[in-house]
There are 4 protein chains.
Amino acid sequence: MQAIGVGMLGYGFMGKAHAHALSTLRQLDVPLRPELVAIAGRDEAAVAEAAWRYGFERHVTDWRELIADERIGLLENLGPNALHREPTIAAAEAGKHVLCEKPLGRDAAESREIFERVAATGVQHMCAFNYRFMPAIRLARELLEAGELGEIHHVRARYLQSWGTDASAHGAWRFDAEQAGSGALGDLGTHVIDLVRYLVGEPVAVSALTRTFRDAPGLGEGGVDDAFAAALEVEGGIVGTLEATRWATGRINGLQLEINGSRGALAFDVERLNELQVARGRFFERVLVTEPEHPFMEHWWPPGHIVGWGDSFVHELGHLLTAIAGEGTVAPHGATFEDGWRADEVAAAIARSARSGRREDVPRG
Amino acid sequence: MQAIGVGMLGYGFMGKAHAHALSTLRQLDVPLRPELVAIAGRDEAAVAEAAWRYGFERHVTDWRELIADERIGLLENLGPNALHREPTIAAAEAGKHVLCEKPLGRDAAESREIFERVAATGVQHMCAFNYRFMPAIRLARELLEAGELGEIHHVRARYLQSWGTDASAHGAWRFDAEQAGSGALGDLGTHVIDLVRYLVGEPVAVSALTRTFRDAPGLGEGGVDDAFAAALEVEGGIVGTLEATRWATGRINGLQLEINGSRGALAFDVERLNELQVARGRFFERVLVTEPEHPFMEHWWPPGHIVGWGDSFVHELGHLLTAIAGEGTVAPHGATFEDGWRADEVAAAIARSARSGRREDVPRG
Amino acid sequence: MQAIGVGMLGYGFMGKAHAHALSTLRQLDVPLRPELVAIAGRDEAAVAEAAWRYGFERHVTDWRELIADERIGLLENLGPNALHREPTIAAAEAGKHVLCEKPLGRDAAESREIFERVAATGVQHMCAFNYRFMPAIRLARELLEAGELGEIHHVRARYLQSWGTDASAHGAWRFDAEQAGSGALGDLGTHVIDLVRYLVGEPVAVSALTRTFRDAPGLGEGGVDDAFAAALEVEGGIVGTLEATRWATGRINGLQLEINGSRGALAFDVERLNELQVARGRFFERVLVTEPEHPFMEHWWPPGHIVGWGDSFVHELGHLLTAIAGEGTVAPHGATFEDGWRADEVAAAIARSARSGRREDVPRG
Amino acid sequence: MQAIGVGMLGYGFMGKAHAHALSTLRQLDVPLRPELVAIAGRDEAAVAEAAWRYGFERHVTDWRELIADERIGLLENLGPNALHREPTIAAAEAGKHVLCEKPLGRDAAESREIFERVAATGVQHMCAFNYRFMPAIRLARELLEAGELGEIHHVRARYLQSWGTDASAHGAWRFDAEQAGSGALGDLGTHVIDLVRYLVGEPVAVSALTRTFRDAPGLGEGGVDDAFAAALEVEGGIVGTLEATRWATGRINGLQLEINGSRGALAFDVERLNELQVARGRFFERVLVTEPEHPFMEHWWPPGHIVGWGDSFVHELGHLLTAIAGEGTVAPHGATFEDGWRADEVAAAIARSARSGRREDVPRG
């Protein structure tokens with residue numbers, strides 16, 4: 001079996017998730033075996049510990065060393081948003097394949113630049129919208145592609161978390177516009193925007209409002225949005241609602257999705273990510289997406305033995321490695337950098353509508 | 001025990017629900033016993049059959065006979081929307097108490113006129129938003145009033161039905177603008193608007209879109225809206241979404257409500273109307289609203305023996321009779337004609353926003 | 001339309017449920033209209049108040065006056081278990097049709113006597129197992145009869161309530177063997193035994209244990225059973241479990257049923273009595289049993305507008321009146337007195353097995 | 001950090017689960033880092049492939065080479081039941097710590113021998129009942145130990161799968177008494193027996209029946225049991241039911257557990273293994289067991305990001321390594337070989353009761 005050298009930038013929460021996925025992938029049937037070459041981070045002690053723990057051969061404190069390392073064929077950019085642009089483009093221009101965490105850029109313009117410059121190099125590129133790689137979401141896409149829901153009339157997508165109400169979290173960098181760019185919109189909203197695009201179609205226009213609940217200056221004055229709500233029009237006359245918030249008590253990681261078509265419907269909640277509610281007739285059936293024929297299940301256990309959130313990264317990276325091996329393509333099931341950019345355009349239209357009080361079109365250009 | 005004579009205008013689906021409630025109320029502890037005096041309808045054979053079935057002493061084919069009947073102390077106007085204004089005002093001006101089905105008028109202006117002219121007479125008036133009288137909704141109000149959810153941040157309210165996708169229903173009068181005024185907005189939307197007002201507060205502004213899915217002229221040209229979606233701002237900076245549709249496959253009578261506050265949350269679905277999901281800490285508890293201390297349960301069975309949709313009319317009419325008896329007031333738990341009018345103002349703002357593409361304020365006047 | 005005079009013995013909780021059903025039936029399409037002739041009870045003030053409230057023409061303090069009243073064609077015996085035998089037999093022998101609450105007799109022998117003597121008269125007789133008249137249970141029967149589940153392998157039936165843990169209830173007559181005969185076994189257990197018989201088949205043998213949790217003399221010494229559990233064999237080699245208790249905290253009125261066949265499965269919980277979980281393939285579909293074609297729904301509201309526990313009595317009495325009118329039969333969908341007796345034989349076998357420590361056959365005789 | 005050499009016997013489904021757990025543990029904070037020394041299996045090509053895939057340094061075809069390898073400090077015996085006894089005892093007598101899959105022996109006598117001979121050596125021993133290591137199950141134990149449910153009255157435990165109804169599976173070795181020993185009882189039943197012992201207490205007596213649904217000779221004549229059901233008495237007067245089957249259509253991996261005490265209740269289903277239903281008062285709260293303070297969550301993701309079935313092995317092996325490192329003990333949270341033996345004694349009593357038709361005591365000896 002052929003191998004590929006992996007370089008990783010960043011070693012926090014996302015680094016842990018990706019490292020766990022890479023070690024698991026070494027035990028599974030993928031056409032390219034990942035070799036963990038080097039990991040980069042600014043704090044040498046911390047990155048050294050991460051390298052030992054995750055099994056990287058070496059660690060570096062300057063990401064440019066990853067670019068210079070010829071053994072590295074794939075760069076995973078898991079760094080903070082401000083570090084997405086430069087290393088990602090540099091890696092691609094050095095001929096390395098690239099994965100970058102979402103949101104791709106700090107704004108839609110930066111995202112577009114990253115996409116266009118990387119696409120020009122011809123390498124494989126993937127924006128890490130991992131929810132596409134949950135078995136239930138892939139199954140939803142398959143059902144939709146097969147026309148089992150008929151003509152689509154509605155989509156309802158929301159990402160509801162509640163940690164914002166915890167006062168002790170209020171000082172976190174995630175609330176600071178300088179560091180985070182936006183709040184719930186970029187962090188949570190882009191996930192649901194991407195799923196709407198993946199499953200239903202291109203958003204055409206949004207009518208939105210945003211809100212900052214904390215005792216802090218408003219959006220654009222140092223404090224990020226805590227929540228947004230939008231009425232959404234998707235191509236083909238589909239009516240939708242879109243929402244994200246960190247203030248929805250009772251919901252822990254409530255990414256909830258519902259799609260209604262002329263012949264059936266789907267519903268999903270990431271808190272029960274192994275289940276897809278499927279209505280083919282009048283009523284919903286609770287499909288436990290763990291059957292042998294279900295997406296990604298060839299990697300796992302017998303029916304009813306559920307997978308976890310972290311396992312979506314195994315599927316995501318397996319998909320990317322398969323594409324790099326030439327046995328598939330990132331699109332349409334993986335999000336490319338174009339998808340990363342287009343999600344940011346929708347987010348930008350939402351922010352614009354919230355400010356203008358008008359329905360705003362999503363640019364297609 | 002004192003009695004009150006009831007006159008009923010209309011004998012369709014709503015007539016059946018109200019007649020069932022009146023006969024049940026005669027077996028329960030309410031301070032005023034309803035006597036079924038007369039029922040009015042245009043088709044004499046049909047109204048005669050209804051009178052016999054429901055137990056009215058006589059039937060009439062001209063509603064003016066109800067107004068003239070001095071034995072009638074309460075008029076229940078369950079007729080089509082076009083018959084709301086004149087008989088309701090006439091009854092009130094004749095000194096009769098009045099109940100009128102929703103929506104109160106065919107538009108906000110007519111609703112306001114009905115409210116103002118009836119209010120001027122001093123009789124008791126009630127707009128029949130029966131969902132306020134589900135035990136779980138009343139319990140929700142009690143929890144909110146007691147401050148158990150803290151400061152409210154979010155409301156999510158939608159009314160999802162699916163019968164619109166049934167082609168055989170397409171010719172129904174409910175799709176005709178002449179007869180119905182509006183579609184999902186007036187029929188379903190006003191129910192959720194009223195619940196938002198009852199539980200959360202006054203809507204301040206809406207950003208909305210509407211849609212007609214059928215092969216029919218658009219809204220305002222003979223065909224009514226099949227669905228709407230709105231981003232909603234409620235007084236106090238509360239962020240909401242509001243939606244109604246007859247095209248949501250998988251949902252049968254899905255009036256769904258969620259409210260998130262700083263200290264807890266509530267969730268409700270009328271398909272499981274005996275349950276209120278209550279989060280006081282991190283997680284939702286499934287409260288079966290059938291305990292002796294729960295609202296309206298003094299009328300019914302032991303714990304866990306659930307009530308039905310039709311029983312909400314028993315509670316509604318019991319509430320009105322208690323107010324007429326002078327042992328309570330219609331407001332705040334019952335919807336008065338003012339509430340009927342204000343709900344129509346919100347619906348009007350939604351329709352306006354859908355046309356203008358702008359965020360529209362709800363007039364407070 | 002023809003009418004039938006009804007006499008009622010008893011005016012407590014069950015009297016209220018039946019009176020509510022009778023008044024509702026007068027508004028529905030049944031071939032025989034019930035006229036409320038007389039109600040009997042020992043406490044004159046109380047029975048007079050009940051007569052006025054429920055709409056009976058007169059009240060009596062001696063049940064023999066009901067037997068003597070020629071206008072009465074149907075006796076509803078809702079009295080305490082000790083008053084089941086004599087009035088029921090007397091009424092039948094006087095040519096009146098009879099309904100009797102469950103359990104039919106104080107023990108299996110008394111039940112058999114009531115059944116045999118009443119059956120000999122030729123009147124219609126019904127033992128009031130009202131759960132057979134929930135739409136979801138009738139639908140379950142229809143699916144089973146149509147063979148949609150294939151060959152049945154398993155049944156799991158339990159009736160879980162929790163009020164026993166409430167210390168203040170400990171003195172209630174329901175805990176006294178003299179007055180109540182048995183505890184959870186007769187009160188709750190017979191309901192699930194009847195449903196197993198109605199839906200799955202005749203119990204053949206049971207291996208059981210019973211328990212009294214209170215600080216009270218054991219079963220047979222003045223204190224009744226608080227709970228029982230049994231492994232159950234049903235004809236055809238079906239494996240089952242059977243359980244009832246008043247001590248299952250977290251469950252309010254948890255009559256839960258599951259049936260697994262070679263081609264599908266059913267699950268039901270009376271706390272959500274409008275829903276039937278139906279697995280035709282691998283997974284359960286949540287059927288909301290409120291469609292126009294669903295059992296009993298011709299009496300009620302549009303889809304998704306659920307019925308309550310009390311409405312099962314409307315269906316039950318409507319079924320009996322239809323049988324009396326000669327337009328149907330009590331069996332198989334209604335429980336006859338034979339069904340009442342056979343349920344008591346299963347209960348007796350459970351009590352016997354708990355004492356003997358042996359698997360006990362259920363006599364078929 | 002110190003390390004320990006691991007030898008593995010078997011490389012099928014369980015080998016995959018354990019190998020995945022070992023590679024994950026190398027990235028987590030456990031006091032002993034597992035080194036993958038050697039894996040044994042009879043088919044050299046297959047075991048060589050497994051060694052490469054899972055990262056073992058070498059493979060062998062004779063398990064005695066694992067015993068002889070001084071670098072191995074822990075033997076994981078994941079082989080078929082017939083290979084449990086000899087290698088496990090040999091490893092322990094060579095001073096190696098041992099983990100053995102369940103059921104420990106082919107019958108209770110063999111289990112007892114394995115337990116006693118291994119216990120005599122002083123090594124750490126663990127029977128791989130992995131469900132104890134699901135966060136929700138550990139949380140249940142903590143709540144029970146803290147007395148939050150009060151005095152326990154009921155336990156209901158069942159393991160419902162449905163693959164037996166798939167005709168193509170009928171020839172599988174799991175249905176053969178020679179190879180498998182027993183059917184649902186040993187394979188699924190011991191899991192629920194162990195959970196009852198871990199959470200509630202020692203079973204005292206059982207009244208049971210077993211069944212073989214296939215067209216095959218009965219239990220003890222070449223065909224194993226397909227299902228059993230038992231009424232169960234647990235020490236302290238607790239009433240229970242116990243059941244396992246491979247024929248429960250609609251259930252995929254339905255290990256379901258409910259415990260009712262005087263002050264509250266718990267319910268659990270392994271198909272939603274991240275959730276524990278907890279009733280502290282009247283109603284169940286759905287606890288998503290992913291909070292930072294929940295068991296095992298220090299290893300994983302932010303709240304609401306659920307774990308999978310396979311992750312329970314990470315917790316299980318981490319627990320064992322911690323015990324081997326001297327920083328804890330296998331008991332009480334892990335199952336020792338004594339627990340493995342005692343579970344088999346309960347299973348034996350169930351089989352005995354099914355044959356005798358009598359309530360059978362579980363020996364305590």
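A: The contact between chain A and chain C takes eight residues from chain A and eight from chain C, where two residues are in contact if their C-beta atoms, placed from the backbone, lie within 7 Å. This is a predicted model: local features need pLDDT of at least 70 and side-chain atom pairs count only at pLDDT 80 or more, while totals for chains, interfaces and linings use all residues. Residues are numbered from 1 along each chain as its sequence is written, and chains are lettered from A and ligands numbered from 1 in the order in which they are written.

Q: Which classes of residue make up the side of chain A that touches chain C?
A: Ala, Val, Leu, Ile, Met, Phe, Trp, Tyr, Cys and Pro count as nonpolar, Asp, Glu, Lys and Arg as charged, and the others, Gly among them, as polar. On that side of chain A there are four nonpolar, no polar and four charged residues.

Q: How is chain A divided into domains?
A: Domain bounds come from an automatic or database domain assignment. For chain A, that assignment gives domain 1 (2-130) and domain 2 (132-309 + 329-361). Their C-alpha centres lie 25 Å apart, and 21 residues of domain 1 are in contact with 20 residues of domain 2.

Q: Which element gives the most to the side of domain 1 of chain A that touches domain 2 of chain A?
A: Helices (H or I, at least four residues) and strands (E, at least two) are DSSP runs, numbered from the N terminus. Helix H5(A) gives the most, with seven residues. By class, this side of domain 1 of chain A has 11 nonpolar, six polar and four charged residues.

Q: Why is helix H10 of chain D described as largely enclosed?
A: A residue is buried if 20 or more other C-beta atoms lie within 10 Å of its own, exposed if 12 or fewer, and partly exposed in between. In H10(D), 16 of the 20 residues are buried, so the helix is largely enclosed by the rest of the structure. H10(D) is followed by Gly357(D), whose phi is positive, near 70 degrees.
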